[in-house]
Amino acid sequence: MSRRQSAEATAPALVTTSADLAALCERLAGEEFVTVDTEFMRERTYWPELCVVQLGGEHETAVVDALAEGIDLAPLGALLANPRVVKVFHAARQDIEIFLLKFDAVPTPLFDTQVAAMVAGFGDQVSYDALARSLAGAQIDKAHRFSDWAARPLSASQIAYAAADVTHLRKIYTGLRNRLEREGRLDWVAEEMAALHEPATYRTEPENAWEKLRPRTSNRRFLGMLRALAAWREREAQRVNIPRQRLVKDETLLELAATTPETPADLARARGISEGFAKGRSGTGLLAAIKDAKALPDSALPEPPKDRHGPTPSPALVALLKVLLATKSEEHHVAPKLLASSDDLERLATEASPDLPALHGWRREVFGDAALALKSGRLALGVDGRRIKLIPAG
C-alpha cells in the first residue's frame with residue numbers, strides 16, 4: 001500500500017482545540033491545494049451557523065469542530081486567505097458565504113469543481129456524488145445528509161461522513177484540472193469563477209430585496225412601498241436572526257404593500273401577522289417603514305422592472321436556437337446552461353444586439369457567433385445520419 005493510500009485509509013482527525021487547529025493549518029499551508037467543505041445549520045436562523053469545517057490535504061484529512069468550546073478559528077481564516085494554496089470546493093457559494101461572514105473575506109484563490117465540471121461537459125450543476133463515482137470511483141454514504149450538525153458530541157459516523165466530502169474531492173479536483181488543462185479550458189473556468197471571488201455575490205442589499213419578489217405591476221407607488229417593506233424585513237430578519245420568511249412571508253409583504261396599514265390593529269388583520277407581532281418592536285418598525293414610504297415623493301419611487309424580452313419571440317426561432325445550443329454543447333463537451341440560458345435564447349431571438357455572456361469571450365467563439373449566423377440566415381441546420389450538422393448558407 002502506498003503512502004497516499006495508507007493516509008486515505010486512516011481515520012480523519014477531529015480537531016477541537018485552537019492549538020491543534022493552528023498546527024493543522026500550518027501543515028496545510030505547505031500544500032499546493034486544500035479541499036474544503038462545511039456543515040452548517042440554517043433552518044431556524046437568518047445567518048448560517050457554522051458547525052463543522054472539513055479540510056483535506058494530500059496526506060491528511062481533518063474535521064474541525066467549529067462549535068468546540070474556546071476554539072479560535074483565526075488560523076483557518078489565515079489558511080483560506082493564503083494566496084499560495086488553492087482552496088477547492090464543490091458548489092462553493094454557501095460555504096463561501098459562511099467564510100465571508102466569519103472572516104470578512106472570500107477564500108482565495110479558489111476552485112469550484114461543480115463549475116469546472118460544467119466546463120468539462122459533465123452537465124448542468126452536476127452533483128458531488130456523481131463526480132465522486134465518475135472521477136474517484138467512490139460511492140457516497142448519504143446517511144448523515146440531514147444530520148443535526150449542531151448537536152454534540154459528533155458521532156464517529158458523522159465524522160467519517162463529513163471527511164468523505166473532502167477526501168474524494170482531491171481526486172475530483174486533480175482529474176478535472178488535468179482534463180481541462182489538456183483541453184486548454186482552464187481560462188474558461190477562471191472566467192466562470194470570477195463572480196465567486198466578489199463579496200457582492202453573497203450579500204443581499206436590503207434596498208434591492210424587493211426585486212426578488214417579482215411584482216407584476218408597473219405602479220410605482222406600490223413598488224416604492226414594497227421596496228421599503230422588503231428592506232425592513234431584510235434588516236429585521238438579520239437583527240433577530242430568523243429566516244425572512246418566518247418573520248413575514250412574501251405573500252403577506254405583498255398584501256401589506258397594497259393595503260398600507262397605519263395602526264397595530266390594521267396590521268394585525270393581515271394574513272400571518274399576529275396581534276403580539278403588530279404591537280411589538282417588529283410591528284412598530286414595520287408600521288414606521290410604511291409611514292416613511294407613504295411620504296416619499298414621486299421622484300424617489302423605483303422605476304418598474306424593464307421588460308427584459310420586449311416583443312414575444314418566435315417559438316420556432318427559439319426552438320432552432322435550442323437545437324443549435326444542444327449541438328454546440330455536444331460538440332464542445334460543455335454544459336448547455338454554461339453557454340446560454342433560456343432567457344438568453346429569447347433575447348437572441350428578439351433583440352438585434354443583446355448584451356449577453358453568450359456573445360462575449362469563449363462563449364461567443366463556441367456558440368454566440370453561430371447563433372447570430374443562424375438568426376441572420378447565414379447558417380442552416382441539417383441532419384447528417386443521426387447528428388445535427390451546420391450548413392453555411394450563402
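The side chain of Thr45 reaches the backbone oxygen of Trp47 at 2.6 Å, a polar contact in the sense of a pair of N or O atoms within 3.5 Å, where within protein one atom must be able to donate a hydrogen and the other to accept it, and where residues adjacent in sequence count only if both atoms are side-chain atoms. The model is predicted, local features need pLDDT of at least 70, side-chain atom pairs count only at pLDDT 80 or more, and totals for chains, interfaces and linings use all residues. Residues are numbered from 1 along each chain as its sequence is written, and side-chain values use heavy atoms, with hydrogens and water left out. Thr45 is placed in the loop between β2 (33-41) and β3 (49-56); helices (H or I, at least four residues) and strands (E, at least two) are DSSP runs, numbered from the N terminus. Leaving aside residues up to four places away in sequence, Thr45 touches Asn241, Ile242 and Pro243, contact being heavy atoms within 4.5 Å.

The UniProt record, in an unreviewed entry, lists residues 219-300 as "domain: HRDC"; UniProt positions are given in the numbering used here, feature names are shortened, and annotations may be inferred rather than shown by experiment.

Aromatic pairs were assigned to rings of Phe, Tyr and Trp (its six-membered ring) with centres within 6.5 Å; planes under 30 degrees apart count as stacked, over 60 as edge-to-face and the rest as tilted. The count by this rule is eight aromatic pairs. Tyr46 and Trp47 form an edge-to-face pair, with 4.8 Å from centre to centre and 75 degrees between the planes. Tyr46 is buried at 9% relative accessibility, whereas Trp47 is partly exposed at 31%; buried means under 20% relative accessible area, exposed over 50%, and partly exposed in between (1.4 Å probe, protein chains only). Phe99 and Phe103 form a stacked pair, with centres 6.2 Å apart and planes at 20 degrees. Both residues of this pair, Phe99 and Phe103, lie in helix α4 (residues 93-103), four residues apart, or about one turn of the helix. Phe99 has 0% relative accessibility and counts as buried, while Phe103, at 23%, counts as partly exposed. Ring pairs also link Phe33, Phe111 and Tyr173 into a cluster.

Six strands form an open sheet of mixed pairing, in the order β1-β4-β3-β2-β5-β6. β1 (13-15) and β6 (110-112) are the edge strands, each pairing on one side only. From one strand to the next the twist averages 25 degrees, with axes taken as lines fitted to C-alpha atoms, for helices over the stretch in contact, and angles running from 0 to 180 degrees between N-to-C directions. Two strands pair if DSSP finds at least two bridges between them.

β2 and β3 run antiparallel and are joined by seven bridges. Within this pairing, Thr38 stands opposite Val53 in β3, and Val36 has Leu55 as its bridge partner. Seven of the eight residues of β3 are buried, and the strand is mostly covered. On to strand β4 (residues 61-65), β3 pairs in the antiparallel sense over five bridges, with Val52 opposite Asp65. A hairpin of four residues joins β3 to β4.

Five of the five residues of β4 are buried, so β4 is largely enclosed by the rest of the structure. Both faces of β4 are covered: Thr61, Val63 and Asp65 are buried on one side, and Ala62 and Val64 on the other. β4 also pairs with β1, in the parallel sense and over three bridges; here the bridge partner of Ala13 is Ala62.

Thr167 is placed in helix α7 (residues 156-182) and is buried, with a relative accessible area of 15%. The C-alpha atoms of Thr167 and Gly57 are separated by 8.5 Å, although the two residues are 110 residues apart along the chain.
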